[in-house]
Amino acid sequence: MGDGHKEVLEELIDRSNQFLNRSLLLANQYLGVDYHAPAIFYNLKGKTAGLAYPLEWKIRINQSMLITHQIPFIEEVIPHELSHLFVYRYYSVKKRGVIKPHGKEWADFMQECFGLPPKVTHNFEIPLREVTLFVYKCACRTHYLSAIRHNKVLGFKSSYCCKYCTGKLNFLGRTEQVKK
Ligand SMILES: [Zn+2]
Ligand SMILES: [Zn+2]
């Protein structure tokens, strides 16, 4: 992670925390309660945008999706997860039972408190990872080796041959960035 990348992330976390506070105010006003701010962590990976933990009063946010989709991501995912916390805490006591995570109470809360459509799934794509490939050539074509294979060649642990011409692959001394 470069320095520029880190600055962008810090700025986005700042924006996200501000948006959480604004949403918290709205949620407390809407229900007439005074719940404190949940703990928020930006350490979620994979294809889940965010997760809410009502008993621990905490939210986890997907860091690479935050970096990729920025403000639209914040404005959708923060209210979504905060609604889970508020609905669980408020209604499971009131209704003396377990509330479905994306049930009627949650959907109403999203719409009436935040004016948002109660979408269960998000449209945020998983960001592609940029990988460096090492460019090799045999007698007949160009080959692209991963860093792992390239390092094996450098360490003389392995050499690779082309399966078409059976010639040895030679490193051209350059790399290419691809998204995977
Ligand atoms: Zn949800
Ligand atoms: Zn070949």
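**Note on a predicted 180-residue protein**

1. Of the 180 residues of the protein, 23% count as buried; a residue is buried if 20 or more other C-beta atoms, placed from the backbone, lie within 10 Å of its own, exposed if 12 or fewer, and partly exposed in between. This is a predicted model, in which local features need pLDDT of at least 70 and side-chain atom pairs count only at pLDDT 80 or more, while totals for chains, interfaces and linings use all residues. Residues are numbered from 1 along each chain as its sequence is written, and chains are lettered from A and ligands numbered from 1 in the order in which they are written.

2. The overall dimensions deserve attention. The radius of gyration, taken over C-alpha atoms, is 24 Å, whereas a compact globule of 180 residues would have one near 16 Å (the globule rule is 2.2 Å times the number of residues to the power 0.38). The C-alpha trace spans about 75 × 35 × 25 Å along its principal axes.

3. The protein has four helices and six strands, in the order α-β-β-β-α-α-β-β-α-β from the N terminus. Helices (H or I, at least four residues) and strands (E, at least two) are DSSP runs, numbered from the N terminus.

4. Three strands form an open sheet in the order S5-S4-S6, with antiparallel pairing; two strands pair if DSSP finds at least two bridges between them. Strand S5 (142-145) and strand S6 (170-179) are at the edges with a single partner strand each, so one side of each lacks a neighbour in the sheet. From one strand to the next the twist averages 35 degrees, with axes fitted as lines to C-alpha atoms and angles running from 0 to 180 degrees between N-to-C directions. Strand S4 (residues 130-137) is joined to S6 by seven bridges; Tyr-136 has Phe-171 in S6 as its bridge partner.

5. In helix H3 (residues 104-114), the buried residues are Glu-105, Trp-106, Phe-109, Met-110, Cys-113 and Phe-114. They line one face of the helix, because they fall within an arc of 135 degrees when seen down the axis of H3; the arc is that of the directions from the helix axis to the C-beta atoms. Exposed Lys-104 and Glu-112 lie on the face turned away from the buried side. Gly-115, with a positive phi near 65 degrees, follows H3.

6. Tyr-91 belongs to helix H2 (residues 63-94). Tyr-91 counts as partly exposed because it has 19 C-beta neighbours inside 10 Å. Leaving aside residues up to four places away in sequence, Tyr-91 touches Ile-99 and Glu-105, contact meaning that C-beta atoms, placed from the backbone, lie within 7 Å. Tyr-91 and Glu-105 are 14 residues apart in sequence, and their C-alpha atoms are 7.7 Å apart.

Note on methods:
Contact = placed C-beta atoms within 7 Å.
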